[in-house]
Amino acid sequence: MADDYGEQTPAMAVVGWLPVVLSVALFALFVPMLGPVGAGETLRYSWEWAPSLGIDLSFWIDGLSLMFALLITGIGALIHLYSARYLRGHPQFGRFALYLTAFELAMLGLVLADSLITLFVFWELTTITSFLLIGFNHYDPASRRNATQALFVTGAGGMALLAGLIILGAAAGTFELSEIRASMGNLGEHVLYTPIAILFLLAAFTKSAQVPFHFWLPNAMAAPTPVSAYLHSATMVKAGVYLLARMHPNLSGTDLWAWSLTILGGITAVFASIMAVKQTDMKQTLAYTTLMALGTLTLYLASDVPYAITGAMTFLLVHSLYKAALFLIAGIVDHRTGTRDLEILGGLGRTMPLTALAAALAASSMAGFPPFIGFIGKEILYAGGERLAEFQIWTLGAGIAANALMVAVAGIVAFKPFWRPAGGEAMRTPVEAATMMLVGPAILGALSLYFGLFPGGLQNDLIHPAVNAVMGEKVKAAELKLWAGVNVALFLSLATFALGFILYGLHVRLRERLAAMGERAPSFDVGWDALLRGLVFGARRLTRTIQTGVLRDYVRYTFLTLLALLGGALIFNTEPVYVWPKFPVFEIPGLLVCLLIFSGALLATLTSSRITAIAGLGAVGIGVALIFIVFSAPDVAITQLLVETLIVVLFAAAALRLPKLPRLTGSSKVRWGDALVSVAIGSVIAALIIQIVAVPLDLRLTEYFEVTSFPEAFGRNIVNVILVDFRALDTFGEITVVVVAALGAYALLRPTRRKEDDA
Amino acid sequence: MKSIILHAAARVLVALLLLFSVFMLLRGHNLPGGGFIGGLIGAVGFVVYAIACDVREARAALRVAPEDLAMAGLGIALVGGLMAALFGDAFFTGQWLFIGATEDSKGLPLSSVLVFDIGVYLVVMGSILTLVFNLEGDD
């Protein structure tokens, strides 16, 4: 047996089994909930998280979330088992197991979340863990690129989700989904409906890779195969679908919802199915069929018809079962033959009969052959499409085209590599798959058959509760039956099979045609790279324009911005009050202080020596400190005096180390410009202060601190009590900034000194 | 620029300034002062020493690197904030202990607030000395 990664340590064997045990335990935890949830109950668990912000860590379990939870933990257990063997002996297997388990828990949190904030946090966690997993082969530049691409696209969707849920939360006055549903009902008529819906749709479409955001998903196949099977097929990419389903009762029923989901879902489904035929890499083919499934789900979530929703929920389950199995089989084939090229692979059925059997089971469900669950799913989809009031032709047309192509793809990935002659030499002589890797696909394939034969339990325990959850009320959902009689759906199915077989027969020629066409068509990937390059270029240009590296430019920009903001505020103030204030400082000490400040400023402006200018500024600072003393604020005055002293010392030290620069006098044009800015700033501040003192000072805060300072914080110096007790968190933030600034200066100053030491 | 008078006075001055800075730190809760001011005064003390003698000597007198002092201060301030967690209160809720308190006197008050203020003191002193020592140079 060929093992790719050498010996496995015993510790790693334990690491491989831990997530399996965890997943099985979680699965076992959710199974007993089937009873009450199936009876229409909703289980809710909540903990206070940030009570001052009204944010709870809360979970609710209804039909929809329970179905997802079972899929995540159930398939998760099989995937963990598979990966323990797939990556056995890999030097970074521990890291892989950690990422994958972290993802599993994040995904679980996402589908169980009640609070929108909780949902968002877990949503972002799935994005991050997905990034880590796609980039697991981090020494490969393509992996890194594809990982960042997925991160950017889904991260942008996450931003949209955050904005959307904040608007929704603000409109509803709560972040709890269950409360929003109870109190707001359908938001179709709400003033803020359009922004909320658009933002949620953006989040769902990026996460679930709908056209035109689809391009990251096939690229995400750079991840190890178990990851592709789990994240980019069975679970994570369905998070977008989950969001659509979850928000269905609140957001559906409008033109915006129906049109965008129908059109984008339909386009995605058909486009992806065609692309799937075009691929020669087994994983890429499966990646595009995943896109097709996501498109179909989106398409069917557009409607309000219980039949269509039943179809969507059934298909969601069907797809998770067969797609995870097929991906795992692709991994086995890759492992055993060293290639995933569909044009080379062939004749594996004789050496790998069990793998071939599992593949046949899963692919039959994918093609929708009876008596597999895939057949029932497809029948209900057709029946649901037929019952739509609008978009009937479009939905059915897209459905038939996509499903016929799925029949062809099922043949391409599960029949041809195993039972048709090989098209080339594989790198290794294949042998049957290891048991640990075969368990997953076998169980999933067998389930596809079992649920097809006995759909009753599935219907009552999982599908119907999920449909009720999506519809937001108890509805009459479609029955899951293998034989529903001779009806339109049956004929559509037969037509699909016929079309599918023809397409399979023609697929080699079709692929050549598509490849020729593909070369002419614009590529989303090229566009993406151009977009990133443009962004970097633009950022560099902007930085060069603004960040000149000349300190006086920065000072000028800062003051001009301040001038614009304050001046604007003054001009647009509708009720300006200009009352000439009474000056309590018009006594001898006050006047002297003013004189000191004025002459200090004048000195700093007129001198051409740096040291003199610094001394002048120091005089201004001391003048300000004296004002604080006059108004009896000793703490502030002491601080001001000490800071001024230290600034002069620092400036002097810095000035001594500077190279001999030209004197301070710049060109007269620059000087006049500076003078203009200074005078403008001074005038605006003066005007502002005159307005401020004209209004009586609001003393509520002062009074509060005066009253509470001693009894509550045991201190009589209010300034200090505020700093270290009432607003200690602010102070902590400030001293952190101080330390960071000092470390930054330390890093900047350190190398110069070392250079001098060397010299 | 060595001045013998300043050099001789510096030792006394530094001692006085440091003592004064601790005094300001401790009285801060009820009278003008506190960790910020105390830290500034302490920093001024060492700056005077560095100007009068030499940065190298000032560094030796301080014994620890100023940047370490600043970071230790930040850690102490954090500990001061976290102390509240031991008593089940929110982050940065002041915790007080009055040692030897009687009917009419509060005794010796000790608090997490003081720990926090000591952290502030060290941060301010350490940060400023990091700047000054590096700017003045060791040469």
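# A guided tour from the α8–α9 loop of chain A

Select A:Pro212, which sits in the loop between α8 and α9 (216-219) of chain A. The model in the viewer is a predicted one. The peptide bond that joins A:Val211 to A:Pro212 is cis, with omega at about 5 degrees. Staying in the loop between α8 and α9 of chain A, move to A:Ala209. The phi of A:Ala209 is near 55 degrees, a positive value in a residue other than glycine. Most residues other than glycine have a negative phi, and most peptide bonds are trans. A:Ala209 has a relative accessible area of 0% and is buried.

**Helices α8 and α11 of chain A**

Next, display helix α8 (residues 193-207) together with helix α11 (residues 238-251), both of chain A. Two packed helices are described by the angle between their axes and the distance between the axes. Here the axes come within 7 Å and cross at roughly 160 degrees. An angle over 145 degrees counts as roughly antiparallel, and α8(A) and α11(A) are therefore roughly antiparallel to each other. The crossing of α8(A) past α11(A) is left-handed. To see the contact, show the side chains of A:Tyr193, A:Ile196, A:Ala197, A:Phe200, A:Leu201, A:Ala203, A:Ala204, A:Phe205 and A:Lys207 on α8(A). Their counterparts on α11(A) are A:Ala239, A:Gly240, A:Leu243, A:Leu244, A:Met247 and A:Leu251.

Go now to A:Pro371, in the loop between α15 (353-367) and α16 of chain A. The peptide bond from A:Pro370 to A:Pro371 is cis, and its omega is near 0 degrees.

Then select A:Ser493, which belongs to helix α20 (residues 488-520) of chain A. With a relative accessibility of 1%, A:Ser493 counts as buried. Leaving aside residues up to four places away in sequence, A:Ser493 touches A:Phe375, A:Lys378, A:Glu379 and A:Tyr382.

Centre the view on helix α22 (residues 551-572) of chain A. Its 22 residues should span 32 Å at 1.5 Å a residue, which agrees with the 32 Å between its end C-alpha atoms. Colour A:Asp553, A:Leu563, A:Gly567, A:Gly568 and A:Leu570, which are buried in α22(A). These residues cover an arc of only 155 degrees around the axis, which puts them on the same side of α22(A). Turn to the other side of α22(A), where A:Leu551, A:Thr558 and A:Leu565 are exposed. Against which helix do the buried residues of α22(A) pack? They pack against α26 (668-694) of chain A.

A:Ala687 lies in helix α26 of chain A and, at 19% relative accessibility, counts as buried. Beyond residues up to four places away in sequence, A:Ala687 touches A:Leu570 and A:Tyr578. Between A:Ala687 and A:Val643, 44 residues apart in sequence, the C-alpha to C-alpha distance is 28 Å.

A:Asp674 also lies in helix α26 of chain A. Its relative accessibility of 22% makes A:Asp674 partly exposed. With residues up to four places away in sequence not counted, A:Asp674 touches A:Arg552 and A:Arg556.

**Chain A as a whole**

Zoom out to chain A, whose secondary structure comes to 29 helices and two strands. Its C-alpha trace spans about 105 × 65 × 55 Å along the principal axes. Of the 759 residues in chain A, 49% are buried. Among contacts in chain A with a separation of 6 or more, 79% are between residues 24 or more positions apart.

**Chain B**

Finally, select chain B, which has five helices and two strands. Along the sequence these follow the pattern α-α-α-α-β-β-α. The C-alpha trace of chain B spans about 55 × 30 × 20 Å along its principal axes, and buried residues make up 47% of its 139 residues. End at B:Arg63, in the loop between α3 (55-62) and α4 (66-86) of chain B. B:Arg63 is not a glycine, yet its phi is positive, at about 75 degrees. With a relative accessible area of 77%, B:Arg63 is exposed.

Definitions and conventions:
Residues are numbered from 1 along each chain as its sequence is written. Chains are lettered from A and ligands numbered from 1 in the order in which they are written. This is a predicted model: local features need pLDDT of at least 70, side-chain atom pairs count only at pLDDT 80 or more; totals for chains, interfaces and linings use all residues. Side-chain values use heavy atoms; hydrogens and water are left out. Helices (H or I, at least four residues) and strands (E, at least two) are DSSP runs, numbered from the N terminus. The expected span of a helix is 1.5 Å times one less than its number of residues. Buried means under 20% relative accessible area, exposed over 50%, partly exposed in between (1.4 Å probe, protein chains only). The arc is that of the directions from the helix axis to the C-beta atoms. Contact means heavy atoms within 4.5 Å. Axes are lines fitted to C-alpha atoms, for helices over the stretch in contact, and angles run from 0 to 180 degrees between N-to-C directions. Angles under 35 degrees count as roughly parallel, over 145 as roughly antiparallel, 65 to 115 as roughly perpendicular and the rest as oblique. A crossing is left-handed if the near helix is turned anticlockwise from the far one by less than a right angle, and right-handed if clockwise.
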